[in-house]
Amino acid sequence: MKKDNKRKRRARLIDIGFLSVIGILSVIAVLLVMDTFSSSTSASPNKITHKKPDVPKAEVVVRSTDSNFPGIKIVTETTDDTTKPFTIQYPQSEFEEFNREITDYIEKVKTDYQAVETGSANATHNQLSIFFDTLHHSSGNYSLVLHTTTSTSNKDSITEIRTFHIDPITGIELTMADVVDRNAEKLKRVAKVVRDHIYQDPALQETLIADSVWQPTEPTWMNYRNFALTDDTLILYYGTGVITKRQAGPIQVEVPLEKVNSLLSKKFQVQTAVAGPEKKVALTFDDGPDPHFTKKVLETLQKYNVKATFFMLGNRVEEYPNIAKMVAEAGHEIGNHSWNHPPLTGLTDEELHDEVRATEDIILQATGQRATVFRPPYGAVNQQVRESSKLPVVLWNVDTLDWQHLDPEKLLENIEADVKSDSIVLMHDIHKSTAEGLDAVLEFLQSQGYSFVTVSEMENY
Ligand code: NI
């Protein structure tokens, strides 16, 4: 909220700046035209001159002021060039190498902008503006977030975000590799958190290009070089048109630090005052809804005030839409488990697409809610299956084998034997034995101090 206001205020200031610059420049332009016109006519009235009037080279005014952040100066560049006007602000420090990285970037942006052919088109369409935000972390690091917007008469306006990092006392520059201890495995897990955020952000859903989320969030250092770090948030920036459709602009994914705390280098970790780790378990029920046993399962969950996740089959939702609706209305999470329960890895692209999409549609239609997670039948998954849905794939790590033994007591025994914190327990709400055995399971887990979460609330799945 606060940041938004600041940005708006800055945008307004820039607007006023532009207006007055353009005003002054138009006056100068008019004077210049009048001057060349009168001199050429008076000097040689009989000759038509082909000599171009001498246009003075555009002058660039550079100013440097202190920012609110010690050690960081704001450099402002403006020009009286009316065909390719720009207003640029960028940070500088006391460290030459860092300063050069920034100015190299600025020069490149300017050169690209100047190189765009705009012909005789109306120059008022041309604009380059660069401004930056400074975000501070208590370790001393500043994240300097440069927003570059280029518009020219023959191209859409494009905004790009680039980040730079420096500790203004030591001159040490921070990279994402430093943030996660140069550990590629940890970057992978950060990438997973980022993807979940993208998939679960309702504001993004409209503009998301489903097929292109995977690649730009692939855990490479290059994909994660544009970031900002504060004491409670890790923000990742992705370019225009990379994840969302172009008009949506660049996106930023704000990850609360506690969600990635264990992945961070010690000095960036949030110190939490929690007495001990909370034991969590996620219960999942597959292959429903079922007209008899899903209801019974819901009653038992209600008795213990437990929320669970139901991975539904499209054809069952079609047959029992009211049961699906009951599950949603009771506040449980709903997942997509395909339409007909085939091993999805054996399907053609088209068949796969139908299995996933038709199920998404029927779930929305029956419950008024979207599925938020995806579990391929038999856990059969490959890259193609993963990419068939925008939703995160969730498997399990405790298998009760309830479909095999059909024994309420075995259900409890298997869970007792295998459950630990962060377990995702696989059951099926289509068996009488499971519906009957659930009460004892919940009693046991509660007595062991477990709290119950949906799979989306589980940090690592
Ligand atoms: Ni299944």
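How many bridges join strand β8 to β9, and in which direction do the two strands run? The structure examined here is a predicted model, in which local features need pLDDT of at least 70 and side-chain atom pairs count only at pLDDT 80 or more, while totals for chains, interfaces and linings use all residues. Residues are numbered from 1 along each chain as its sequence is written, and side-chain values use heavy atoms, with hydrogens and water left out.

Strand β8 (residues 233-238) is joined to β9 by six bridges, and the two run antiparallel. Strands here are DSSP runs of E with at least two residues, helices are runs of H or I with at least four residues, and both are numbered from the N terminus; two strands pair if DSSP finds at least two bridges between them. Within this pair, T233 stands opposite P256 of β9. The two strands belong to an open sheet of three strands, ordered β7-β8-β9, with antiparallel pairing. Its edges are β7 (227-229) and β9 (251-256), each of which pairs on one side only. From one strand to the next, the twist averages 15°. Helix α4 (residues 184-200) packs on the sheet and touches β8 and β9, its direction making about 115° with that of β9. Contact denotes heavy atoms within 4.5 Å; axes are lines fitted to C-alpha atoms, for helices over the stretch in contact, and angles run from 0 to 180 degrees between N-to-C directions.

A further antiparallel pair is formed by strand β1 (residues 60-66) and strand β2 (residues 73-79), joined by seven bridges. V60 has T79 as its bridge partner in β2. Six residues lie between the strands of this hairpin, in which G71 takes a positive phi near 90°.

The largest nonpolar core comprises 44 residues, and those with the most contacts inside it are L283, F285, L301, F310 and L445. Such a core is a set of buried Ala, Val, Leu, Ile, Met, Phe, Trp, Tyr and Cys residues joined through side-chain atoms within 4.5 Å; buried means under 20% relative accessible area, exposed over 50%, and partly exposed in between, with a 1.4 Å probe and protein chains only. Elements giving two or more residues to this core include β10 (280-286), α7 (293-303) and α14 (432-447). The most is given by α14, with six residues. Apart from this core lies another of 29 residues, among them M176, I198, L204 and L234. When residues up to four places away in sequence are not counted, the contacts of L283 include L301, V425, L442 and L445.

The nickel ion has D287 (OD), H337 (NE2) and H341 (NE2) as its protein donors, at 2.1 to 2.2 Å. Donors are N, O and S atoms within 2.8 Å of the metal (3.2 Å for Na, K and Ca); water is not among the atoms, so sites may look incomplete. The spacing of the donor residues in sequence is D-x49-H-x3-H. Both H337 and H341 are buried.

D287 lies in the loop between β10 and α7 and is buried, at 13% relative accessibility. Its phi is near 75°, a positive value in a residue other than glycine. P289 is placed in the loop between β10 and α7, and a cis peptide bond with omega of about 0° joins G288 and P289. Most residues other than glycine have a negative phi, and most peptide bonds are trans. D181 also takes a positive phi, near 55°. D181 is located in the loop between α3 (176-179) and α4 and is partly exposed, with a relative accessible area of 42%.
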